[in-house]
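The sequence and structure follow.

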Amino acid sequence: MLRSSQPLTGPNRKRCREDEMLLGTLLDEGERGFIIDTRSAQAAKQARMTGGGTEPKSSYPQWRRLHRPLERGRPLQESFIKLVEACNDTSINMDRWLSRLESCRWLSHVKAALSTACLAAQCLDREEAKVLVHGAEGTDTTLLVTALAQVILDPSCRTLTGFQGLLEREWIEGGHPFHLRCARSAYSHARLKQEAPLFLLFLDCVWQLSRQFPFSLEFSERLLLTLFDNAYASAYGTFLCNNEKERRVGCLCKVKENTHSLWAWLNQPGEKKKYLNPLYSHNALVIWPSVEPQSIQLWQGLFFRWIRSSQYLDEAWAEIQRLVEGN
């Protein structure tokens, strides 16, 4: 599986022989690969007017392009804001609340992300084909799909250590602009153009996997909540800035020199234990999630965490851990 930004064909349909040769060398004669574009066909076509575009069939004859549009900007942020507002409104009845939940479309975004990741995973696992994933810049929905596909396919990415490595590789080193995307929260009245909860959407999708496969992920919901908190406000430098260049050589930030790593804190023996799933059992198989409407649920542990006590859930979880350790 590969990932990239969009090809810069532009309105004149420019070609890049190096790109064509690079993708050509990945496939043997008679083999085919899949290009999963996370934009709609119309959006990809419109991108030509600003220098972007997509791969023309004539230049990439062994590659089949599939468009699976995923929101990455203002609509996703507005969906997040509407969901938080609905979850915090305790004055309405159930029918009206369910109507608001549906209208915010957050669960539709979760379903779309999981469906696209499953498509990429199926191309790799069942078709045994090469897959290239890209959107526009390749730092948002592209990373969402490639990271989720690896969690679905690779059992090592479902361990605590492997999941940290996945985040480091796909999101942090992959160039997701955390500073721009997580600049403010859903409670902010500011509507910043660049803000969008892509990383939160990824964490929600992973939570859906953990709920459908409760024995297959070594880490617990508590880790996902901690990652969400640290993406928006953190005492550590792991999610600061927009890319590795800013983190390493930024004149103002100097993240590497002036901050500590979130991973170093999480991996301390006393802390690490708090984030483990006591029900975990190594599963070497691919985990194929259901994306049927009844299978996608609202992440109550996150969206209701400040308005509903988790005392009984915490006590039940502690009892499970005690029983597992006793055996």
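Helices H5 and H9 run roughly perpendicular to each other (the class for angles of 65 to 115 degrees), because their packing angle is about 75°. Their axes lie 10 Å apart. Axes are lines fitted to C-alpha atoms, for helices over the stretch in contact, and angles run from 0 to 180 degrees between N-to-C directions. Helices (H or I, at least four residues) and strands (E, at least two) are DSSP runs, numbered from the N terminus.

The model is predicted: local features need pLDDT of at least 70, side-chain atom pairs count only at pLDDT 80 or more, and totals for chains, interfaces and linings use all residues. Residues are numbered from 1 along each chain as its sequence is written, and side-chain values use heavy atoms, without hydrogens and water.

The residues of H5 and H9 in contact (heavy atoms within 4.5 Å) are tabulated here.

| Helix | Span | Contact residues |
|---|---|---|
| H5 | residues 106-125 | Trp-106, His-109, Val-110, Ala-113, Leu-114 |
| H9 | residues 198-212 | Leu-200, Leu-201, Asp-204, Cys-205, Gln-208, Leu-209 |

Four strands form an open sheet, in the order E1-E4-E2-E3, with parallel pairing. Strands pair if DSSP finds at least two bridges between them. Strand E1 (2-4) and strand E3 (63-67) are the edges, each pairing on one side only. From one strand to the next, the twist averages 20°.

E1 pairs with E4 (residues 130-134) over three bridges. Arg-3 has Val-133 in E4 as its bridge partner. Helix H6 (residues 141-153) packs on the sheet and touches E1 and E4. The direction of H6 makes about 170° with that of E1.

Terms used: Parallel < 35°, antiparallel > 145°, perpendicular 65-115°, else oblique.
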